[in-house]
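Visitor: I would like a close look at a single part of this structure, with its packing and its surroundings taken in turn. Please go through it carefully and in connected form.

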Amino acid sequence: MAKRTALDDKLAALNRLRDDPRSPEAPGELCQTIRGRTSVLVARAAVIAREAGLRDLAGDLAAAFDRFLNEPAKNDRSCLAKRALAETLDVLEWSEAETFLRGIRHVQLEGTFGPPIDTAAVLRGLCAQALVRMGYRDALREATGLLADRWVDARLGAARAAGMAGTDAAELLLRLKIMAGDQEPAVLGECFLGLIKSWPHRSLEFVARYLSASAWEPNPGATVACEDTEAARELAAVALAESRLPEAAEILRKRYENSVDSASKKLLLLPLALTRRDEAFDFVLSRIR
């Protein structure tokens, strides 16, 4: 109980620093916390440094990241500190790729009431995005491996990283991932969104294929079946809507009109509204009426 009270007091002190992170005493106190061994305190200090843009602390943050890679399941359960540190280092534009390479290769299996889970999956995805952000030469090669990761959070992070890369190779990688398939609709949705955000015009037709239920039927090119094709179809529609292009609104409208079942029609109404185009709003309102 005394330990819990002491931890709560230290968290409260950090929260007070958060209100004024550029006060004269703040950098020293944050630095002292970051050099400490309590993962929850280090994670909170990293968030404060990130929000305040305290780049002078980047070296200490990187050192803490390396430190928590030692006996990680004991010193940093659930990768709490390492995730916060990696995200902060990315935002502060830390330029040493080796830090993120260690993170992208880190696996941390922890016991649960069932099978062990890998609590480093999110961390691997964050590090992939950081490598893309810093323009690391082999960032896309690292992300490619993560797209086949066993854990969904790692695959999600890899898809986001590929979308951020904005290269022709990244576009082809995302297309290939979609055609190969994934059990989790969210991974495919992230791939759709990456294509639409980085290559909107030339991705419309490709993404639109996946509005149709027939596109999800088993085919020789797919290696992994999606477990919820209706959710994946809706995510494809939402990705199209995110483009805000009139062509996307027209694709969604025509798909609605050509759909014969009410479930498919209902799936398209929200994406039509999300295009934020007047003609799409008018169409949705007319269907509601």
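Guide: In this predicted model, helix 2 and helix 3 cross in a left-handed sense. The residues that make the contact are Leu30, Thr33 and Ile34 on helix 2, together with Leu41, Val42, Ala45 and Ile48 on helix 3. Sorted by class, the contact of helix 2 with helix 3 holds six nonpolar residues and one polar residue, with no charged residues. As for the geometry behind this crossing, helix 2 covers residues 26-34 and helix 3 covers residues 39-52, and the two pack at an angle of about 140 degrees with their axes 8 Å apart. Helix 2 is therefore oblique to helix 3, since an angle has to be over 145 degrees before it counts as roughly antiparallel.

Helix 3 also packs against helix 6, which spans residues 80-91, and here the angle is about 15 degrees, with the axes 8 Å apart. Because angles under 35 degrees count as roughly parallel, helix 3 and helix 6 are described as roughly parallel to each other. Their crossing is left-handed. On the side of helix 3 the contact is made by Ser39, Val40, Val42, Ala43, Ala46, Val47, Ala49 and Arg50, and on the side of helix 6 by Leu80, Ala81, Ala84, Leu85, Glu87, Thr88 and Val91. By class, the contact of helix 3 with helix 6 divides into 11 nonpolar, two polar and two charged residues. Val42 of helix 3 takes part in the contact with helix 2 and also in the contact with helix 6.

The buried residues are Ser39, Leu41, Val42, Ala43, Ala45, Ala46, Val47, Ile48, Ala49, Arg50 and Ala52. Among them, Leu41, Val42, Ala45 and Ile48 belong to the contact with helix 2, while Ser39, Ala43 and Arg50 are among those that belong to the contact with helix 6. Just after helix 3 comes Gly53, which takes a positive phi of about 65 degrees.

Ser78 is found in the loop between helix 5, residues 72-75, and helix 6, and Ser78 has a positive phi of about 65 degrees although it is not a glycine. Cys79 lies in the loop between helix 5 and helix 6 as well, and its phi, near 55 degrees, is again positive in a residue other than glycine. In accessibility, Ser78 is partly exposed, with a relative accessible area of 36%, whereas Cys79 is buried, with a relative accessible area of 0%.

For the setting of this part, the protein chain has 17 helices and two strands, and its C-alpha atoms fill a box of roughly 65 × 40 × 40 Å along the principal axes. Of its 289 residues, 48% count as buried. Among the contacts in the chain with a separation of 6 or more, 67% are between residues 24 or more positions apart.

Residues elsewhere in the chain can be set beside this part. In helix 11, residues 168-180, one finds Lys177, which counts as buried at 12% relative accessibility. Leaving aside neighbours within four places in sequence, Lys177 is in contact with Leu147, Arg155, Asp182, Val187, Leu188 and Cys191. Leu173 has its place in helix 11 too and counts as buried at 13% relative accessibility. Ala232 lies in helix 14, residues 229-242, and counts as buried at 0% relative accessibility.

How values were computed. Residues are numbered from 1 along each chain as its sequence is written. This is a predicted model: local features need pLDDT of at least 70, side-chain atom pairs count only at pLDDT 80 or more; totals for chains, interfaces and linings use all residues. Side-chain values use heavy atoms; hydrogens and water are left out. Axes are lines fitted to C-alpha atoms, for helices over the stretch in contact, and angles run from 0 to 180 degrees between N-to-C directions. Helices (H or I, at least four residues) and strands (E, at least two) are DSSP runs, numbered from the N terminus. Angles under 35 degrees count as roughly parallel, over 145 as roughly antiparallel, 65 to 115 as roughly perpendicular and the rest as oblique. A crossing is left-handed if the near helix is turned anticlockwise from the far one by less than a right angle, and right-handed if clockwise. Contact means heavy atoms within 4.5 Å. Ala, Val, Leu, Ile, Met, Phe, Trp, Tyr, Cys and Pro count as nonpolar, Asp, Glu, Lys and Arg as charged, and the others, Gly among them, as polar. Buried means under 20% relative accessible area, exposed over 50%, partly exposed in between (1.4 Å probe, protein chains only).
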